[in-house]
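Welcome, and please take a moment to look over the molecule shown below.

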Amino acid sequence: MHKLLQQVARHAVQRQKPWKRQILTDAHEICDVLETNYGGRRVTGISLDISTIPNGMYISAGGFKKMCDLRFLSIYETRRDTNIRVHLPEDMNFPPLLRLLHWDLYPEKCLPHTLRPEHLVELNLGKSKLEKLWQGTQ
């Protein structure tokens, strides 16, 4: 996407009140929502640059559970860093209707069994530690 168009979109999202936002781009807001399990019912998209998280993020098991409308999840890094900044629980729930999953440096060796791939249009797990997609049959 062109940089100017990205800036316009970010500015439009930032003008909305935080509890009404459908697209989350601010790292602090995203950490709040995913770590505390608070809010997120209206969220349809998350774009998170993990390079901007200073101390790492611990996603709670139900961090995505309330996000029934989440369709777009992009977790990426703009600065190459060897530190793992996102920590996932073993029993993490992915949203059921996720269409796009882009996660650079996915930290686990396989995806959780709660990820339902029937709605996925794009799966991009570049530079991840994946050894296999799922445990067992999917």
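Predicted model: local features only at pLDDT ≥ 70, side-chain atom pairs only at ≥ 80, totals over all residues.

Residues are numbered from 1 along each chain as its sequence is written, and side-chain values use heavy atoms, with hydrogens and water left out.

**The overall picture**

The protein has two helices and seven strands; here helices (H or I, at least four residues) and strands (E, at least two) are DSSP runs, numbered from the N terminus. Read from the N terminus, the order is α-β-α-β-β-β-β-β-β. There are 138 residues, and 38% of them count as buried, where buried means under 20% relative accessible area, exposed over 50%, and partly exposed in between (1.4 Å probe, protein chains only). Take the contacts between residues at least 6 apart in sequence: 50% of them join residues at least 24 apart, a contact being heavy atoms within 4.5 Å.

**Helix H2**

Helix H2 covers residues 27-36, and its buried residues are Ala 27, Ile 30, Cys 31, Val 33 and Leu 34. These buried residues pack against strand S1 (23-24), strand S2 (45-49) and strand S3 (57-58). Just after H2 comes Asn 37, with a positive phi of about 70°.

**Strand S6 and its partners**

Strand S4 (residues 72-76) runs parallel to S6 and is joined to it by four bridges; two strands pair if DSSP finds at least two bridges between them. Leu 73 has Leu 101 of S6 as its bridge partner. S6 also pairs with S7 in the parallel sense, over three bridges, and there Leu 101 stands opposite Leu 123.

**A cluster of rings**

The whole structure holds three aromatic pairs. Rings of Phe, Tyr and Trp (its six-membered ring) pair if their centres lie within 6.5 Å; planes under 30 degrees apart count as stacked, over 60 as edge-to-face and the rest as tilted.

| Pair | Centre to centre | Angle between planes | Type |
|---|---|---|---|
| Phe 94 and Trp 103 | 6.4 Å | 75° | edge-to-face |
| Trp 103 and Tyr 106 | 5.0 Å | 85° | edge-to-face |

Ring pairs link Phe 64, Phe 94, Trp 103 and Tyr 106 into a cluster. Phe 94 is buried, because its relative accessible area is 5%. Trp 103 is buried at 1%, and Tyr 106 is buried at 1% relative accessibility.

**A loop residue**

Glu 118 sits in the loop between strand S6 (100-103) and strand S7 (122-124). Its relative accessibility is 57%, so Glu 118 counts as exposed. Glu 118 and Leu 97 are 21 residues apart in sequence, and their C-alpha atoms are 8.4 Å apart in space.
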